[in-house]
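Reader: I'd like to learn how to read aromatic contacts in a model. Could you walk me through them?

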There are 2 protein chains.
Amino acid sequence: MTYKALREMSTLTLALFSALICCSLTEKPSNVTSPNIIIMLMDDMGWGDLGVLGQPSKETPNLGAMASQGMLLPNFYTANPLCSPSRASLLTGRLPVRNGFYTTNAHARNAYTPQEIVGGISDDEILLPEMLRKNGYVSKIVGKWHLGHRPQYLPLKRGFDEWFGAPNCHFGPYNDNKAPNIPVYNNSEMVGRYYEEFMIDRKTGESNLTLIYLREALDYIVRQSESERPFFLYWAPDATHAPVYASKRFLGKSQRGRYGDAVMELDYSVGQILAQLKGSGVEKNTFVFFTSDNGAALISAPDQGGSNGPFLCGKQTTFEGGMREPAIAWWPGRIKEGTVSFQLANVMDLFTTSLALAGIRPPDNRTLDGLDLTPVLLKGYVGPQTLQNRPIFYYRGNELMAVRLGQYKAHYWTWSNSWKEFNSGINFCPGQEIPGVTTHEQKEHTMQPLIFHLGRDPGEKYPISVSTKEYQDVLSRITPVVQLHKKTLVPGYPQLNMCDVAVMNWAPAGCEKLGKCLKVPKSDPRKCDWPH
Amino acid sequence: MTYKALREMSTLTLALFSALICCSLTEKPSNVTSPNIIIMLMDDMGWGDLGVLGQPSKETPNLGAMASQGMLLPNFYTANPLCSPSRASLLTGRLPVRNGFYTTNAHARNAYTPQEIVGGISDDEILLPEMLRKNGYVSKIVGKWHLGHRPQYLPLKRGFDEWFGAPNCHFGPYNDNKAPNIPVYNNSEMVGRYYEEFMIDRKTGESNLTLIYLREALDYIVRQSESERPFFLYWAPDATHAPVYASKRFLGKSQRGRYGDAVMELDYSVGQILAQLKGSGVEKNTFVFFTSDNGAALISAPDQGGSNGPFLCGKQTTFEGGMREPAIAWWPGRIKEGTVSFQLANVMDLFTTSLALAGIRPPDNRTLDGLDLTPVLLKGYVGPQTLQNRPIFYYRGNELMAVRLGQYKAHYWTWSNSWKEFNSGINFCPGQEIPGVTTHEQKEHTMQPLIFHLGRDPGEKYPISVSTKEYQDVLSRITPVVQLHKKTLVPGYPQLNMCDVAVMNWAPAGCEKLGKCLKVPKSDPRKCDWPH
């Protein structure tokens, strides 16, 4: 036997041995080509907050490097201009109106999962980590969950193997009588509460939570890189959601104030995570996607809100500022570096795309709104028609407010918020006012939608005149798309209608060990009030 | 004699011989280390029109490459939110209020050089090409001049050796009775007129003028690269000024409509020019600077106006949208690639910086507003204090409207335009309205300026409360800067007060040869009307 033949045999033996190890660890045969998947979802970060997307202070060098090593998608959307429905859509691949993350308490209202919410993500929904598990993936969520905080809704009940983070927004500090502080969980038990064990100094903005979330991510990557099983990491830090916070190391460092400090720390953390993938030698087998849950919260600007760049309004609205998100895909060797794709895409595509990457057939017993973006990402492919010409639907609650098809966006309903709210100082479009567009009553345009060309007019300032051929041509193309969508839509059961003080985080699992259980008040179910 | 000694002697002989050649060609001994200088000045292009500065369609790959090979300056300003004064400032290194490019006909009005203007750049001013000539430079302007169209004001009278372009904006087409079409000059004689020999199809937007301006630039670079003398090229195409135009090859190519087509052609041309520098082997001896004369003309948007990104309002105003400009410096091997400098800088610095690069002492018998940026450009140096903490002055006509110092901007006067104009549909801030800021009367804030932090609030939406310590601290730092500026300011004689139909381009030099002389009407001097 020659030396070469010996070496080949030895390689073969090793491969067989590896295969045996692999299959003994997972329920199903692992597809060793399935890449690891990391979705980095920011909180209330706007399209215009990235240097590579025009933030004048240019303080996101790591995201800039990520884009120059990967693909930038300037036409990427969320499914809803609010945290919870957006996150539910990411993990289900379905519009909120299908997966139940909406309200019917009033027309066209945004709803989410505050502590009083009774509902959460329905058992009828299949979540991304539940699907990935079928092909041997291990899944972890780090950060904000927001799909319901009652025990049956928590991440470890819904496909995740690990969790470090909180079920709700980091609002507070609360008085223990009227509301408990939000718990922070390590897997299935709380390990403390915000403003107690996990400090956020609302005055200075200091908190080491992003640092903790970074460490959780790095630790998980190191551990899983040594495993034979592919991993999914859903990294969802919330430092850019008011109250905005940053570690001491970053406070005061930005030209943009506290909000910029938080962005700088997140940018740094993204850099650390990508570096760890390289350090662990798994970067060529890891797909990473960076985006945000909704547009910047202009209501919190300038100190605690970000920028939506040239787009109109922000969070809570179905204008571009509320729905268009920063988006970068990264996978060295697979996604061509320094590319830009103008594909219309959205957060629900991450569900379908992740399944495609993992080699898993998507569920066939439900309507999915997400498409498989792998032809775009891996082959720079802008067809087939279903991808290139796919519509983007803009919902507020259960109302289809607008539709984008190609460069055109048709608004069927417009409103920012009510006169009552607006006159009390709540403004989702500060400094912006487009007569007949940023209206303070719910204005219906169903019979004659407002149509904008987002290429010429990304700021939605100049409705195309109804009397033009362009308007009529566009309308004749968009109308059947809307009709088909409405005709075939089967709304899910609305999960965000009922609230009750008794369901708040008074006594989460693990509270006994910490001596941090609070008295649960008497149940008082009522319809939640969703003012906008 | 050794071989080494022989070689050294031969080198010495060659150097002496070169020196003789050099000095026989120029009036003064040429400094062979003086680089070529190219200033690319766009017309009405906005900060937000570059992909690298956040334009969502990302259609400027050549400018992106220029920035990644050079330095991006996100805090670069013009000297005035209108074409003529901005261009006069670039070539004199002085504020319009000093060089005479302003009006005293009314308070705080923008003025420029339409065909009826009697004045032009004063003989008392020293222009950049006049200075560069002292050190042997050859200078050419390609494109728009705009410093006065009467014979005594034209480029070849003011230091340029060559010119291909027009003295005024490409407005038209005109009826020969009321107004002549604008002439296009080749050096000191007209070679045709816009809408006649040099077509601009206002309906389709087709014109090959950018292509002609590109060829003029490339031809000049090729010729001068073979010369011993350093060259200056002032490349000033005007395709992004309404009426916006592009060549057939680019029409319909942009996602942004006709304006985007024009931008794409200019971006392509920038790429061609940089490639020619490399092709001619002079890229390591050529300093190139790209910028624009003022903010995007939102009055012409969306079809024929650009984007000022996240900034407030546009051309004609002293808000950031009117004054902040895209800016890229490029010099392979000398300017570090892929850098960003936050230095506050402006178009007048190009005068002083060019002189420094050319090894010429700036004139010492006048106040210069431009600073030498070479420490910033070549050494990434952000000191000394005079550079880092230098103020930016925002003028409208003869009024100091605002001052920027560090991240803070104090408005002493605000207005966009009059109610009368605004109510007739002229809007410099479409879709934007900040109560008390984008005012329609001239509002004085001298005793208590409106102060913004441009890092936290680039859109000038949130004036800092007067009652804060921050406001008082900033005011106490800005006040002496403003006082010193006002105290020492000696305004130049205003050149833009008088208009006369008789001075229009009826019979420019060279018209006889072409049979294109028109009858000069009777002189009727009057004060120009500057409505905003």
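**Reading the rings**

Author: Let's start with A:Tyr268, which is partly exposed at a relative accessible area of 23%; buried means under 20%, exposed over 50%, and partly exposed in between, with a 1.4 Å probe and protein chains only. This is a predicted model, where local features need pLDDT of at least 70, side-chain atom pairs count only at pLDDT 80 or more, and totals for chains, interfaces and linings use all residues. Side-chain values use heavy atoms, without hydrogens and water.

Reader: Which residue is buried, with a relative accessible area of 10%?

Author: That's A:Phe250.

Reader: How are the rings of A:Phe250 and A:Tyr268 arranged?

Author: Rings of Phe, Tyr and Trp (its six-membered ring) pair if their centres lie within 6.5 Å; planes under 30 degrees apart are stacked, over 60 edge-to-face, the rest tilted. Here the centres are 5.4 Å apart and the planes sit at 50°, so this pair is tilted.

Reader: How many aromatic pairs are there over all chains?

Author: The count is 32. Among them, A:Trp163 and A:Tyr185 are stacked, at 4.7 Å centre to centre and 20° between the planes. A:Trp163 is buried at 0% relative accessible area, and A:Tyr185 is buried at 2%.

Reader: What do ring pairs link into a cluster?

Author: A:Phe76, A:Phe287, A:Phe289 and A:Trp331.

Reader: And what lies over the face of A:Trp331?

Author: A charge sits over a ring if NZ of Lys or CZ of Arg is within 6 Å of the ring centre and within 35 degrees of the ring normal. A:Arg334 does this, 4.6 Å from the ring centre of A:Trp331.

Key: Residues numbered from 1 in each chain as written. Chains lettered and ligands numbered in written order.
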